[in-house]
Amino acid sequence: MTGSRITFMGAVPPWECDIVDHFTVAYYYQKLDHATDVILGRAGFDPADPAAPTMVRCLTRFERELVKGDIYRIETVRLAADRLAHRLIDAATDTVCTRFDQCMSAPIPESGVAPVTADTEPLPHDPPALPPANARWLDTGVDVLGAEDCGLRGSATSHAYILRFSAAGEHLRDAIGITPSYVREHNVGFATFSFDARFDARAGPGTPVSVQSTLSHVGRTSLHIEHRLLDARDGTEIARLTQAGVHLDKARRRPSPMPAHIVDAARELLGMS
């Protein structure tokens with residue numbers, strides 16, 4: 001398999017699906033972590049070595065849904081010395097479902113990593129659109145990292161962070177009126193279509209963490225949410241996520257307009273009223 005583009009193969013079990021009934025975003029990142037470890041091993045690194053290259057930024061575009069029972073694979077190519085492209089593909093239809101464009105902390109040798117090909121379209125690496133200075137940040141998570149949150153190197157994985165950001169998003173949306181009861185009564189949800197994740201520091205088991213969240217954009221059907229995960233002891237930022245998604249009609253599987261009271265509450269959080 002040396003030099004193969006395939007770096008992970010799996011299936012979607014029901015316990016990896018979310019409240020809108022599709023493969024939950026945190027598990028995409030768990031599989032991305034596994035694919036990255038495969039690449040590191042092929043390139044001559046020990047994936048368990050704390051000195052091995054780590055992910056510092058990852059742009060993600062969610063293009064098609066996967067649901068329970070679907071089978072998939074991840075294919076990976078080397079875009080540049082410190083940049084990898086991963087494509088999560090529905091193995092039954094050969095359809096690209098998700099694109100990851102990953103920046104690493106150090107160069108990855110060409111040996112053992114498939115080279116970029118003409119069918120690989122890099123995602124644009126634009127600076128993230130940050131919230132305005134007067135946006136109000138909410139406390140949306142309090143937790144302690146455990147051994148189960150940590151990977152081969154003993155530090156927390158991106159999967160562990162995305163799980164916390166996902167829960168934080170539910171608390172933020174509750175604050176603007178997209179409450180659990182509203183979601184159930186109206187058969188709606190929030191479907192993510194892009195991530196811009198940045199990882200600034202390592203954290204290990206026993207680290208107390210907190211999450212703060214706000215908005216950076218409010219549209220007719222869409223929200224852009226900004227999360228930051230902090231070391232609760234000194235406020236050091238460990239990771240940050242810009243999450244873009246839509247208010248989803250679950251029956252039609254289509255974006256639907258948000259009610260006026262939700263848009264107004266979102267605009268107030270954003271500092272627009």
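# Strands, helices and loops, step by step

User: Which way do β3 and strand β4 (residues 83–90) run, parallel or antiparallel?

Analyst: Let's start with terms: strands (E, at least two residues) and helices (H or I, at least four) are DSSP runs, numbered from the N terminus. Two strands pair if DSSP finds at least two bridges between them. A hairpin joins β3 to β4 through two residues. Eight bridges link these strands, and their directions are antiparallel.

User: What kind of model are we looking at?

Analyst: Residues are numbered from 1 along each chain as its sequence is written, and side-chain values use heavy atoms, with hydrogens and water left out. Local features need pLDDT of at least 70, side-chain atom pairs count only at pLDDT 80 or more, and totals for chains, interfaces and linings use all residues, for this is a predicted model.

User: How many of the ten residues of strand β3 are buried?

Analyst: Buried means under 20% relative accessible area, exposed means over 50%, and partly exposed lies in between (1.4 Å probe, protein chains only). Strand β3 covers residues 71–80 and is largely enclosed by the rest of the structure, because the number of its residues that are buried is eight.

User: Which residue of β3 is the bridge partner of Gly-10?

Analyst: Look at strand β1 (residues 6–11), which runs antiparallel to β3 and is joined to it by five bridges. On the β4 side, Ile-74 stands opposite Leu-88. For Gly-10, the partner in β3 is Tyr-72.

User: At what angle do the axes of helix α1 (residues 25–42) and α2 cross?

Analyst: Axes are lines fitted to C-alpha atoms, for helices over the stretch in contact, and angles run from 0 to 180 degrees between N-to-C directions. The axes of α1 and α2 come within 8 Å, and they cross at roughly 170°.

User: Which word describes α1 relative to α2: parallel, antiparallel, perpendicular or oblique?

Analyst: Under 35 degrees counts as roughly parallel, over 145 as roughly antiparallel, 65 to 115 as roughly perpendicular, and the rest as oblique. With axes crossing at roughly 170°, α1 and α2 are therefore roughly antiparallel.

User: How many residues of α1 are buried?

Analyst: Helix α1 has 18 residues and reaches 26 Å from its first C-alpha to its last, close to the expected 26 Å. The expected span is 1.5 Å times one less than the number of residues. Helix α1 is largely enclosed by the rest of the structure, because its count of buried residues is 14.

User: Is Thr-221 buried or exposed?

Analyst: Thr-221 sits in the loop between β8 (208–218) and β9 (222–231). Leaving aside residues up to four places away in sequence, Thr-221 touches several others, including Gly-245, His-247 and Met-258, where contact means heavy atoms within 4.5 Å. Its relative accessible area is 18%, so Thr-221 is buried.

User: What is the phi of Asp-94?

Analyst: Most residues other than glycine have a negative phi. Asp-94 lies in the loop between β4 and β5 (95–104) and is exposed, with a relative accessible area of 52%. Although Asp-94 is not a glycine, its phi is positive, about 60°.

User: What is the relative accessible area of Asn-187?

Analyst: Asn-187 is in the loop between α3 (180–186) and β7 (188–199). Asn-187 has a positive phi of about 55° although it is not a glycine. Asn-187 counts as partly exposed, because its relative accessible area is 36%.
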